[in-house]
Amino acid sequence: MASYISHPLIKKNSIESRLYQQVLAGDVLKKGNTMVVAPTALGKTIVAILVAADRLQKVKNSKVLILAPSKPLAIQHEDSFKEFLTLPCSSITGAIKTDERVKRWEESRIISATPQTVESDLLNGRYDLSNVSLIVFDECHHGVGAYSYVYLASRYVQESNYNLILGLTASPGSDKSKIKEVCENLYIQNIVVKTEQDSDVRPYFNPVEIDWVRVKMSSELEKIKKYIDKALKVRLKALKNMGVIRTVSVGKVDVLKARGRIQGEIARSVNPDKELFQAISILSAVINIQHSQELIETQGIQTFNKYIGRLRKKKTKAAKSLMWDDNFGRAVKMAREAEKHGWEHPKLKEVTNILKKELGTGDGQTKLQSSRFKEKDEKSSKIIVFTQYRDTLEMIHQKLEKEGIKSAKFFGQAAKDGEKGLTQKEQKAIIKSFRMGEYDVLLSTSVAEEGIDIPAVDLVILYEPVPSEVRMIQRRGRTGRKRTGRVKVLITNGTRDEAYYWASVRKEEHMKYQLIDPKVLEELNASAVERMENQKKIKVIDRPKNEKSNPVVFADSREGNSKVIRHLSEMEIDVQIRSMAVGDYQVSDEVVIERKTAKDFVDSIIDKRLFKQARELSEEFKRPLLILEGDDIYNGMIHPNAVRGTIAAIAIDFGISIIPTRNSEDTAAMIKRIAVREQSGERVNIQIRTDKKPTSLWEQQLFIIESLPNIGPVNAKNLLKHFGSVEKVISASEEELQEVEGIGKKTAKNIRKVVESKYLYFENEIKEKKLL
C-alpha cells in the first residue's frame, strides 16, 4: 500500500512518499545552493515542490520563483505546483501583459516564469526579488554566457533576504569548464547526482532499452558521395599548398579554426594579401561541401537537394564556385535524377518499417506517482521520431502519409525558407492531438528534446545520433517515463553517424565521472562558495545616496537580451525599456546612441541596412552617436578597406561620432558617462521617439510637426519654440521656416509642398481599389 507525504502546505494523498526524493530535498535545505542531476522521470519537480513547501512554511509571506527556459515548460510547472501545493500559484511569461504580470507577482506565493520575462520586469522596476525564499532554475545547464539565468542568479543573491538556489538538470554537460561555469554563475555549492543504478532509485525507475539500428548506404548514394568527396579533396589540397592546413584529413572543427585564423590575419593587416581572401572563399566552400557530405551520408536525397536549392540563391564566390565545379555539379545532377526515380536514403525505408511494425502494439505497466499521471493506457504505442533538419522532417512526413501512417510535424517558432514556424498555440494543439491518439507518430526537430510534456511515449526513434551528450540524454529522456522505454538510433555504416555516436557515448561517460569525482566536486564547490561570499560582501555595502537622482537611460526593447542593460542596472543608472523607432539608447532629447558589435557592424554593411540606420539617426537627432563594440571589426568576410570606407562615410557624410568600446561592460560604462554628462546628474524629461501615438498636449504638438518631411524631434522643438504654435508653423512661408536653426531651403520647400498640395482623395481611392 502506497504511503504519502504529509505536510501542512501539501495536499493530502497527492505525493507518494519516495525516500530518495525526500533525501534530495533534505540535502538542499541542509547544505544550501544545490544542483540536482538526475535522469528524466525520476521526479526532480517533486524534489523542488518539497523544498518549496518547507521554505514557504518557514519563511513567512515569502515567495518561490520557478524559472524554465520555455513558455510551455513554465506553464507545465505552474500546473504541477497547483496540483500539489495549497498556496496560490501562477505563471508569468512574455505572452501576459505587463499589468497582469505585476498583479500575479503580488498576489501569488509561487510563480513559474520564463527568465527573459522576469529579467525585463526587474530591469523596469516592476517588482524585486527581496522576499523570494527559493529560486529554482529548471534545465539549469542553460546558466552560461549571456543567458538570463546568469543575471537573475546574481540579482537574486544581491537582493533576496533568504537566499536558496536549486538547479535541476538531467545533463549539465561533459566539459569540466562548462560545469564549473554553471556552478559559478548560479552560485551552486553542492552537487547531488542520482542515477538509475542507485539502489533507492531502482524500484521507481523504468529502464530504457537502446537499440542501434545499422543501415548500409545505397550504391546511388555512394556514387553521389564519391563526386562530393572529389570536390572536397581538390579544395583541401589547395588549402594545404597555401599553408592554411597541414593535412587534408581535417574535420569541421579544424576548418572553422583555420577560417578564424585567416580572418585574424586579415584583421591585423593594413593591406591584406589577396591570397588570404582566396583562402577564406575556399574554406567557406569546404564548409558547404562538408555539410553536403553529412546530408548525403545521414539524411537523404530530398534534404540534400533542398540545401542545394538554397545554396544556388547565395551570391558569394564560394557558393558560385561550387555550382561551377565539375565534380560537385555532377553530384547535384545525380541527386536530382535520384529524387525523380524515388531513390532515397535506406534510413527512410528502415524508419518506415519500424513504425509499421510498432504501431498497434503497446504494453508495459505504468508506474503512477500522482493523480496527474492517472491516464488511460492507450491501445496503440506513442512514438516520437527525432531528426536534426526540418527538411528531413518533411521528407519523413511525406513518406509516412503515402504509407497511411498518421504523423504530425512538430518544430520551432522560427520561419525557415518561406515556411512559417509553429506558434505556441499550434504546438499545444499538436501535442494535445498526439496525446489523444489523433496521430500515430510525432515527428520532431530538437524543439521537443527539452521541457515539452509528452506523456506515455513508448518508443523514441533517432533518425541520426548527435555528438552532444546533453541532447542525446534529453532525447532519450522522452521515453521510459511511465513504463519501460525503448530507443532506436539509426546509424549509417562507415559515416559520421558512427563518429557522432561514439562522441556522445564518450562525453556522457566523462560527464558522469566529472560529477561523481570527489576532487572535481570539491574544486567546483570551493569556487562557487568563494564567489558567493564575494557577492555577499557586495550586497552588504550600502551604496552612497546622492541628493540628486540617478541618470536615466532609455533602452530599446530589442536590446533587452544584451548584457549592456544588465551592466547599466548595476551602475546606479535608471534604465527604462521602451520601443524606440530610432537608435538603441537615448540619454537626452539630442543624443541617441546606436550600438553595434563588430560582427553586427560588418553584417549591416553586407545587407546594406547600416546607411539607412545612419540616415535615420542623423535626421531624427542633433547629436547621434555610434558605439562600435569589440576589437575584431576587420575579422569578417569583407575587405578592411570597405570597413574603413564605411566608418569614414558615417562620420563625415552623416556627422555621426563613432566611439569604440572593448566589450558590453565597457559599452555600459561609456553610456553611463554620456548620460551623466548630458543630464548633469539630474533627472530630466526626455522625449522618446516611438511608433505609439502621443497622449499629452505637448507630445501631440511635437508629433504633428515631426510628421512633416525631414523633421525630427530636435527640429520640431525648434520650430514650435520659434513660432509658438502648430498653426503658425503650418502657415509659415518658406523664408520664415528657413529662419529656424536646422531648416534649410530644401526642407522648407518640402514642408510647404505637403501643406499646400491638394489631397487627391478620389484618385487615391481608385488606385487602392485597383490594387485590391
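Against which helix and strands do the buried residues of helix 3 pack? I kept this question at the head of my notes and began with the basis of the model.

I noted that this is a predicted model, in which local features need pLDDT of at least 70 and side-chain atom pairs count only at pLDDT 80 or more, while totals for chains, interfaces and linings use all residues. Residues are numbered from 1 along each chain as its sequence is written, and side-chain values use heavy atoms, with hydrogens and water left out.

I looked up the overall make-up and found 30 helices and 19 strands in the protein, these being DSSP runs numbered from the N terminus (helices are H or I with at least four residues, strands E with at least two). Of the 772 residues, 51% are buried, where buried means under 20% relative accessible area, taken with a 1.4 Å probe and protein chains only.

I then turned to helix 3, residues 71-84, whose 14 residues reach 20 Å from the first C-alpha to the last, close to the 20 Å expected at 1.5 Å a residue; the expected span is 1.5 Å times one less than the number of residues. Its buried residues include Leu73, His77, Phe81 and Phe84. The buried residues of helix 3 pack against helix 2 (44-58) and strands 2 (63-67), 3 (89-92), 4 (110-113) and 5 (132-138), a contact being heavy atoms within 4.5 Å.

Last, I looked up Gln302, which lies in helix 11 (residues 301-313) and counts as buried because its relative accessibility is 17%. Leaving aside residues up to four places away in sequence, Gln302 touches Glu339, Glu344, Met395 and Gln398.

Conventions: Buried means under 20% relative accessible area, exposed over 50%, partly exposed in between (1.4 Å probe, protein chains only).
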